[in-house]
Amino acid sequence: KYGEAGDNDLDLNWAYVSGKLGGVKADLGRQDIKLHGGTVLDGTCEAIKLAYGKDVKLTGVAAKAFDSRKDATFTSDDRVYVADVTTKLGVVDTYVTYYNFDNKWDQDIYVLGAAMNIAKGLKLEAEWLNGDSDRKGDDNGYYVGLSYKGAKASAPGSWGVYAKYFDQPWNTIVEPTLDSYAVMPSYQDDEAADGYEGFEFGVNYALAKNIVAQVMYYDLEAREGDSEAET
């Protein structure tokens with residue numbers, strides 16, 4: 001980035017190495033940590049991420065938050081440890097994930113997720129989340145998503161539409177993907193709001209090879225109180 005005084009600074013968001021250590025895939029360095037739908041965490045961390053297996057995939061993460069916003073609930077002084085098991089049960093993709101956050105609320109979050117194709121091009125996915133922390137509010141939340149087809153960068157003219165519904169108390173949230181795009185109905189420090197619920201809709205289209213356009217709409221409101229936001 002270039003300052004007004006002509007100072008030139010290079011800021012690297014991600015800088016990591018990726019490779020195989022025996023049968024283990026390792027990602028080491030500053031990287032985005034996002035598992036599955038990103039309903040709990042999708043943020044830049046200085047991390048060690050290890051994954052092993054194919055039919056049953058085991059993933060472990062030890063990470064430190066990097067360059068977070070001032071109002072974030074996962075700051076540069078915080079740590080997270082993640083254990084994830086992913087497998088396929090018949091036609092259903094399933095996963096179980098455990099997060100241990102060493103942050104100001106000492107959060108433990110458990111996620112049980114599943115996804116399956118219910119018709120040609122039509123996919124249904126869902127998560128149940130349970131959070132335990134020093135915060136007030138509910139412990140249980142869920143997410144449901146339905147998508148049809150989907151734009152592929154390698155296939156010009158391909159397209160897709162999707163809809164999602166969230167009902168998540170703060171105990172099940174740290175820094176989700178949704179927070180990167182949507183205006184939240186309340187600040188995360190507002191325990192009285194106890195999280196958010198609402199919809200996300202989107203459509204995507206591959207304009208040309210490696211060029212995909214997407215439009216998203218969010219309609220969210222606080223789980224408690226009158227705060228709401230549309231994006």
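Which element contributes the largest share of the lining of the largest cavity? The structure is a predicted model, in which local features need pLDDT of at least 70 and side-chain atom pairs count only at pLDDT 80 or more, whereas totals for chains, interfaces and linings use all residues. Residues are numbered from 1 along each chain as its sequence is written, and side-chain values use heavy atoms, with hydrogens and water left out.

A cavity is a set of points where a 1.4 Å probe fits but cannot get out, a pocket is an open set with protein on both sides within 12 Å along at least five of seven lines, and lining residues have an atom within 4 Å of a point. Grid points are joined across faces, edges and corners, and a volume is the space filled by probe spheres set on the points. One cavity of 30 Å³ or more is counted. The largest cavity has a volume of about 40 Å³. Its lining consists of Leu35, His36, Gly37, Gly38, Thr39, Val40, Tyr95, Thr97, Tyr99, Val111 and Glu127. Strand β6 supplies the largest share of this lining, three residues; strands are DSSP runs of E of at least two residues and helices runs of H or I of at least four, numbered from the N terminus. By class, the lining of the largest cavity has five nonpolar residues, five polar and one charged, where Ala, Val, Leu, Ile, Met, Phe, Trp, Tyr, Cys and Pro count as nonpolar, Asp, Glu, Lys and Arg as charged, and the others, Gly among them, as polar.

The largest pocket holds about 790 Å³ of space. It is lined by 40 residues, and those nearest its centre are Lys34, Gly37, Glu125, Tyr143 and Lys164. Two or more lining residues come from each of β6 (92-102), β7 (108-119), β8 (122-132), β9 (140-149), β10 (159-168), α1 (178-181), β11 (196-208) and β12 (211-222). Strand β10 gives the most, with seven residues. The lining of the largest pocket comprises 18 nonpolar, 13 polar and nine charged residues.

The second largest pocket has a volume of about 280 Å³. Its lining has 16 residues, of which His36, Lys57, Thr59, Asp84 and Thr86 are the closest to its centre. Strands β2 (24-34), β3 (42-52), β4 (56-65) and β5 (79-89) each provide at least two residues of this lining, and β5 gives the most, with four.

Ten aromatic pairs are counted. Rings of Phe, Tyr and Trp (its six-membered ring) pair if their centres lie within 6.5 Å, and planes under 30 degrees apart count as stacked, over 60 as edge-to-face and the rest as tilted. Tyrosine 99 and phenylalanine 101 are stacked, because their ring centres are 5.8 Å apart and their planes lie at 10°. Both tyrosine 99 and phenylalanine 101 are buried (buried means under 20% relative accessible area, exposed over 50%, partly exposed in between, with a 1.4 Å probe and protein chains only). The pair of phenylalanine 166 and tyrosine 196 is edge-to-face, with centres 6.5 Å apart and planes at 70°. Since phenylalanine 166 lies in strand β10 and tyrosine 196 in strand β11, this pair ties together parts that are 30 residues apart in sequence. Phenylalanine 166 is buried at 5% relative accessibility, as is tyrosine 196 at 0%.

Ring pairs also join Tyr142, Tyr165, Phe199, Phe201 and Tyr217 into a cluster. The C-alpha atoms of phenylalanine 199 and aspartate 167 are separated by 9.3 Å, although the residues are 32 apart along the chain.

Charged groups also lie over rings, a placement that requires NZ of Lys or CZ of Arg within 6 Å of the ring centre and within 35 degrees of the ring normal. Arginine 30 lies over the face of phenylalanine 66, at 3.7 Å from the ring centre. The charged end of arginine 135 sits over the ring of tryptophan 105, 3.6 Å from its centre.
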